[in-house]
Amino acid sequence: MSAATLLKSGKPFDCSDNKYALEGPRVWVKIPFLDDRLPPGTVEVQGDNNGLTTMQVHALLDNGTLLSSRFSEQEVIDSWRPKGHYGLAVPGTDNPELRSRITHVYLAIDEPKVASSISLIQLASKEKWDGLKLPLSIMFGVLCGMAIMPLFYHAFFYGALRYSFMLWHSAMIAATVVYTFSSSGLIFLAFPGTGLLTKMLINYWALAIAVAASGVFLVRFVEQGKIASWLRTGILISSFLPVIVTALVLRINDGYDMDARNYYHASFLPAFLSSSTRWGTRCAAAAGRSGTRSSAGRRS
């Protein structure tokens, strides 16, 4: 439905803890506009841009007048902000007289893919984020450049030593760089035509692949026989679990589950627990060696 139809219908908005469990081709979000708590100047609606398509932003004035802006998918793409956000100007906020009369902002999101499209929405200063866009982009670009350097070292070392763990470490680094490049928004500078759905899939897959590669790297890097067989199996299974879950919950043709992000993040927990087990084993072994040395010292 349109914004005018929505307001006439009188349908209530859900403010309960279940408000993110939504379905349908269009989701409406209602945001109180507290003028005195917002910075001066034009105000933007900002949020997670993963998988978004067309959107609308409406400002409701105190006399019932509706100021509206509609954005195509490409316009939403072009509105990208660093750290994977978008920024769509609230109509009327560039005019101080109109801005003081805005009571609520209504945001229409067409076919949202994940709950973060709704849960991370905020009102923020356009001027502030215009100023942060260049320095943050440079910072992420430098980070990507520094992370890429080990790939060159591995290429030379693998040519001489032929250790397979170098390839897996390279895969881990490459996936991490791709994730940073995509999630930070730099991908839109290098490839302006990249869709938000494509960007979302790159984000999720790159991080899952990085974790999987790190698990294989670990078991190949540590000397054979130093990791118990049960722990070795646990490391590999927990490392590849994010890849399996990503393949199951991020379905391109059948639509998306709004809880997909929760399932995705939960799939990383076994890898973290496995890491804790490894550190615990290493600390126990170190303590055992230290105790042995102390006992020997006392005996002597």
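Is Asp130 buried, partly exposed or exposed? In this predicted model, Asp130 counts as partly exposed, at 38% relative accessibility; buried denotes under 20% relative accessible area, exposed over 50%, and partly exposed the range in between (1.4 Å probe, protein chains only). Residues are numbered from 1 along each chain as its sequence is written, and side-chain values use heavy atoms, with hydrogens and water left out. Because the model is predicted, local features need pLDDT of at least 70 and side-chain atom pairs count only at pLDDT 80 or more, whereas totals for chains, interfaces and linings use all residues.

The side chain of Asp130 meets that of Lys126 in a salt bridge of 2.9 Å, N to O, a salt bridge being a side-chain nitrogen of Lys or Arg within 4 Å of a carboxyl oxygen of Asp or Glu. Both Lys126 and Asp130 lie in helix α5, four residues apart, about one turn of the helix. Helices (H or I, at least four residues) and strands (E, at least two) are DSSP runs, numbered from the N terminus. Lys126 is likewise partly exposed, at 29% relative accessibility. A network of salt bridges links Glu44, Arg81, Lys126 and Asp130.

Six salt bridges are found in a search of the whole structure. One of them joins the side chains of Arg26 and Asp110 at 2.7 Å, N to O. This pair links distant parts of the chain, with Arg26 in strand β1 (residues 26-32) and Asp110 in strand β7 (residues 102-110), 84 residues apart. Arg26 counts as partly exposed at 27% relative accessibility, whereas Asp110 counts as buried at 11%. A salt bridge is also formed by Arg99 and Asp35, whose closest N and O atoms are 2.5 Å apart. Arg99 belongs to helix α3 (residues 96-99) and Asp35 to the loop between β1 and β2, so this pair ties together parts that are 64 residues apart in sequence. Arg99 is buried, at 7% relative accessibility, while Asp35 is partly exposed, at 27%.

An open sheet is formed by four strands in the order β5-β6-β2-β8, with antiparallel pairing. Two strands are taken to pair if DSSP finds at least two bridges between them. Strand β2 (residues 43-48) is joined to strand β6 (residues 85-89) by five bridges; Val45 stands opposite Leu88 in β6, and Gln46 opposite Gly87. Four of the five residues of β6 are buried, so this strand is largely enclosed by the rest of the structure. Strands β5 and β6 pair over two bridges in the antiparallel sense, with Trp80 opposite Tyr86 in β6. Three residues separate the strands in the hairpin of β5 and β6, where Lys83 takes a positive phi near 70 degrees. Lys133 lies over the face of Trp80, at 4.2 Å from the ring centre; for such a contact, NZ of Lys or CZ of Arg must be within 6 Å of the ring centre and within 35 degrees of the ring normal.

A further hairpin is formed by β3 and β4, with four residues between them, and Gly64 in its turn has a positive phi of about 90 degrees. Six bridges join β3 (residues 55-61) to β4 (residues 66-71) in an antiparallel arrangement, and Gln56 stands opposite Arg70 in β4.

The structure holds seven aromatic pairs. Rings of Phe, Tyr and Trp (its six-membered ring) pair if their centres lie within 6.5 Å; planes under 30 degrees apart count as stacked, over 60 as edge-to-face and the rest as tilted. Phe165 and Phe217 form a tilted pair, at 6.2 Å centre to centre and 55 degrees between the planes. Phe165 lies in helix α6 (residues 164-183) and Phe217 in helix α8 (residues 196-221), so the pair ties together parts that are 52 residues apart in sequence. Phe165 is buried, with a relative accessible area of 18%, as is Phe217, with 17%. Phe165 also forms an edge-to-face pair with Phe221, at 5.0 Å centre to centre and 75 degrees between the planes. Phe221, in helix α8, is 56 residues from Phe165 and counts as partly exposed at 48% relative accessibility. Phe165, Phe217 and Phe221 form one aromatic cluster.
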